[in-house]
2 protein chains.
Amino acid sequence: MAAKTDDSGPVLPPAIESAWGLRERPPKGPRPGMSVPAIVDAAVRVADADGLAAVSMSRVAKELGAATMALYRYVGSKDELLMLMVDTGYGPSPGPPDPQDDWRAGLTRWAWAEHEVLRRRSWLLHVPISGPPITPQQLGWMEDGLRCLDGTTLGESEKMSVLLLITGYVRNEASLTSQVAEGSRAAGIEPAEMMPAYGRLVARLIDPARFPALHRVLSAGVLNQDDDPDDEFVFGLDRILDGVEALIQRRAG
Amino acid sequence: MAAKTDDSGPVLPPAIESAWGLRERPPKGPRPGMSVPAIVDAAVRVADADGLAAVSMSRVAKELGAATMALYRYVGSKDELLMLMVDTGYGPSPGPPDPQDDWRAGLTRWAWAEHEVLRRRSWLLHVPISGPPITPQQLGWMEDGLRCLDGTTLGESEKMSVLLLITGYVRNEASLTSQVAEGSRAAGIEPAEMMPAYGRLVARLIDPARFPALHRVLSAGVLNQDDDPDDEFVFGLDRILDGVEALIQRRAG
DNA sequence: CCCTTCTGCGTATGACGTACGCTGTTATGC
DNA sequence: GCATAACAGCGTACGTCATACGCAGAAGGG
């Protein structure tokens, strides 16, 4: 009926469409003085410097020497800006896996790449995610993850589930460590003293008769040793990959 | 030096202390007309009805027939109120594991209990978590989880890591499904049509040459079948528990 | 009976996202 | 060359929010 080739469902916000290279500049009117990427870069600079809470429309505009409302000619809302910030905040995907790596080595590299990004830009964890990824680089990450599982016996649906499992784990682990870091800064404590202080607090609060298992953990000094946070990350990742490996071998055998 | 028996580090907010039953009512002054639990219950009612975004201090006060600023006699800040909301939102822990259950059955029940809570109160996922749990019921959940691992060969530190792994997974899975639900409501689409619509959108955006693996997943119709979301939950949980099982058997053997 | 200590809360402040509409700029159709 | 439509920049205004501050009245202790 309509002559438009685009007939399908959900409407993509204009700024996201331009991130995909669709959408040409309208022929009339004054030339734009800014650009969506410049705005997003400015917002990312603010988040890198002062955290996500410092990213307000007026602050980003100030960063660009423009007025607040000028930004709305480029992005439809702050939420749209946040979506674009996530895209450039993650940056380009780590690339396809090394051909001589097996799936496990590939996914390990993939997980570490996200881990690295989230360590450097912990504000990414505070962006409320409002849906599945639709920006170019985000889908690039997904593509690279899927390729790691290319030679395996897993079904396509299972590959997707495995990626979701891993990326969820990486985000979660990064959340916890960044909370410790932010909490120690807020309380004015050394980061290494944070978990021991928490352990002492809980030990003071709980009744050992009501919380025997918890009391045993605290008595074992689990929170006192400040081991390499990377060890914790590796532990969980290895558990998950062990679980995936068990499935792959079951499918194969 | 000080005669106080309490000398250790981080100061607990007053409202949290009263949640632990410490802190008696001051002898002087007018009798309080409200109570912390009443305020928290009102806030939880608002969140249950209209989501976390509807929880403002003025809205909660209106729920109680009080003025906004009256609440600040009971809670120190909105963040404190949120912390208490999480505590009562989760509710009492599911209880210690059935004695005849092994660790795997116990943790499965434990994970399903949290899953159930988060399905009923998805606003819990939107509360920005600002630190490790310090409220009574939260620590109760942790206690019950630890007890599931009581008979195993795992070290205390490993037990803690396993719980973190599982609770992180449950939260993550609940986040994804609740995003789909909220997204479909916002877009006015049937929930069952959400993922297929997403699949069509991505298929339209990507170049199959640049995203071959992703294209293959979409062509397989992974997003078109609307399978039971519980199946997805079980899949990931089983992977993780398989991984934990592998570790336990390695420790034992 | 006064004084201390508390409760309830009205007022005010500053920050935020963004709807609306005006002004000036640009390229096209005549 | 000129009118006109489409667009860029942005000043103003509005509604919402958390919360600092201070005052009035209540309740118990000396």
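User: What makes up the lining of the second largest pocket, class by class?

Analyst: Its lining has ten nonpolar, three polar and seven charged residues. Here Ala, Val, Leu, Ile, Met, Phe, Trp, Tyr, Cys and Pro count as nonpolar, Asp, Glu, Lys and Arg as charged, and the others, Gly among them, as polar. A word on the basis: this is a predicted model, where local features need pLDDT of at least 70, side-chain atom pairs count only at pLDDT 80 or more, and totals for chains, interfaces and linings use all residues. Residues are numbered from 1 along each chain as its sequence is written, chains are lettered from A and ligands numbered from 1 in the order in which they are written, and side-chain values use heavy atoms, leaving out hydrogens and water.

User: Which residues line this pocket closest to its centre, and what makes a residue part of the lining?

Analyst: The pocket holds about 510 Å³ of space. Of its 20 lining residues, Arg23(A), Pro26(A), Pro32(A), Arg73(A) and Tyr74(A) are the closest to the centre. On a 1 Å grid over the protein atoms alone, a pocket is an open set of points with protein on both sides within 12 Å along at least five of seven lines, whereas a cavity is a set where a 1.4 Å probe fits but cannot get out; lining residues have an atom within 4 Å of a point. The volume is the space filled by probe spheres set on the points, which are joined across faces, edges and corners.

User: How many residues surround DNA strand C?

Analyst: There are 26, with Lys78(A), Pro30(B), Gly33(B), Arg73(B) and Tyr74(B) the closest. A residue counts as near if one of its heavy atoms lies within 4 Å of the strand. This surface divides into 14 nonpolar, seven polar and five charged residues.

User: What makes the phi of Arg23(A) stand out?

Analyst: Phi of Arg23(A) is near 75 degrees, a positive value in a residue other than glycine. Most residues other than glycine have a negative phi. Arg23(B) likewise has a positive phi near 75 degrees.
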